[in-house]
Amino acid sequence: MARAASNRATESISLESAAGGFKPYVMQQIAKCLYSTKEMRERIAAHDLVGAQQAWLAARGGWESSEVITNEFFPDLDRKIDAWPDAQMGFHAIEAKLFGAHDVQVLPGAEELVNNLTEFEQQLRTTTLTGQGLLNGTAKLIYEIGENKAEGGESPFSGNSLAEIRDNVASIATAYERVFAPATKKKNAEIAKLFAADLRQMQALVSVPTLQELDQVRLRDVSESLVNDLAMVGQASGLKKPGLGN
């Protein structure tokens with residue numbers, strides 16, 4: 001019994017170490033997002049609509065690649081930065097102006113977004129990422145892809161929705177491979193195979209050329225399967241079942 005307890009403690013430490021090792025990946029994505037958001041602010045100040053639009057698109061790649069942690073670890077800042085669908089501030093309020101109205105009169109909103117992303121980056125530097133937190137955040141994102149994002153996309157004005165879903169899926173794959181896969185493959189190879197197979201299905205579904213060609217029904221089904229798979233992944237590592245609410 002003592003040996004079993006020692007093994008569980010060692011496995012827990014290993015998982016938390018892996019979660020901590022995921023942090024540089026997220027820091028890099030947020031740094032890319034913040035850099036492009038500052039460029040967007042400068043292009044808006046210069047009344048350069050095309051330049052501001054391009055910078056907005058570049059910033060979204062970094063943000064969407066970080067969503068496995070944004071809502072779970074920083075819910076208040078997540079709402080300020082990426083409120084959707086009823087956005088009064090953040091990325092999507094700016095998107096509606098730049099791409100919907102073709103209007104660069106949104107400098108205060110851009111300044112506010114830069115400030116919130118700067119605060120996000122600062123808080124992230126001092127935050128410890130945990131295995132349970134990453135399990136929760138990854139499960140939430142998987143569920144959101146199937147239940148919300150598949151229905152028409154998060155960024156309709158810019159036409160960037162499909163690219164954002166792909167960034168989400170890529171970050172899910174990265175979080176799984178870096179944090180959960182080593183232990184899962186060791187403890188329960190069948191669960192690892194099941195998760196990998198369902199993830200490949202999701203990757204294939206979002207590889208279509210246009211959002212209109214995305215099979216929403218199938219994506220929702222695969223999303224639900226992946227959430228269930230991830231719950232088993234967590235259970236194999238001694239974690240609690242991930243919740244899907246805010």
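Trainee: How far apart are the mean positions of the positive and negative charges of the protein chain?

Mentor: For the 25 positive and 32 negative charges of the protein chain, the mean positions are 9 Å apart. Lys and Arg count as positive and Asp and Glu as negative, while His and the chain ends are not counted, and each charge is placed at NZ of Lys, CZ of Arg, CG of Asp or CD of Glu.

Trainee: What should I keep in mind about the model itself?

Mentor: This is a predicted model, in which local features need pLDDT of at least 70 and side-chain atom pairs count only at pLDDT 80 or more, whereas totals for chains, interfaces and linings use all residues. Residues are numbered from 1 along each chain as its sequence is written, and side-chain values use heavy atoms, with hydrogens and water left out.

Trainee: OK, how many helices and strands are there in the protein chain?

Mentor: The protein chain has ten helices and zero strands, where helices (H or I, at least four residues) and strands (E, at least two) are DSSP runs numbered from the N terminus. The radius of gyration of the protein chain is 19 Å, close to the 18 Å that the globule rule gives for 246 residues, so the chain is as compact as a globular protein of that length. That radius is taken over C-alpha atoms, and the globule rule is 2.2 Å times the number of residues to the power 0.38.

Trainee: And what box do the C-alpha atoms fill?

Mentor: Along the principal axes, they fill a box of roughly 70 × 40 × 25 Å. Of the 246 residues, 50% count as buried, which is to say under 20% relative accessible area, with exposed meaning over 50% and partly exposed in between (1.4 Å probe, protein chains only).

Trainee: Which residues of helix α4 are buried?

Mentor: In α4, residues 75-82, the buried ones are Leu77, Asp78, Ile81 and Asp82. They cover an arc of only 105 degrees around the axis, which puts them on the same side of α4; the arc is that of the directions from the helix axis to the C-beta atoms.

Trainee: What covers them?

Mentor: The cover includes α2 (49-64), α3 (67-73), α5 (91-100) and α6 (107-125).

Trainee: Switching to Glu147, is that residue buried or exposed?

Mentor: Glu147, which is found in helix α7 (residues 131-147), is buried, with a relative accessible area of 18%. Leaving aside neighbours within four places in sequence, Glu147 is in contact (heavy atoms within 4.5 Å) with Arg220 and Glu224.

Trainee: What about Ser225, where is that one?

Mentor: Ser225 sits in helix α10 (residues 216-236) and is partly exposed at a relative accessible area of 30%. The C-alpha atom of Ser225 is separated by 9.4 Å from that of Leu194, a residue 31 residues apart along the chain.

Trainee: Which peptide bond is cis?

Mentor: The bond from Trp84 to Pro85 is cis, with omega near 5 degrees, and Pro85 is placed in the loop between α4 and α5.

Trainee: Last topic, the backbone at His47: what is its phi?

Mentor: His47 has a positive phi of about 60 degrees although it is not a glycine; His47 lies in the loop between α1 (2-45) and α2 and is exposed, with a relative accessible area of 55%.

Trainee: And His102, where does that residue lie?

Mentor: His102 lies in the loop between α5 and α6, has a positive phi of about 55 degrees although it is not a glycine, and counts as exposed at 53% relative accessibility.
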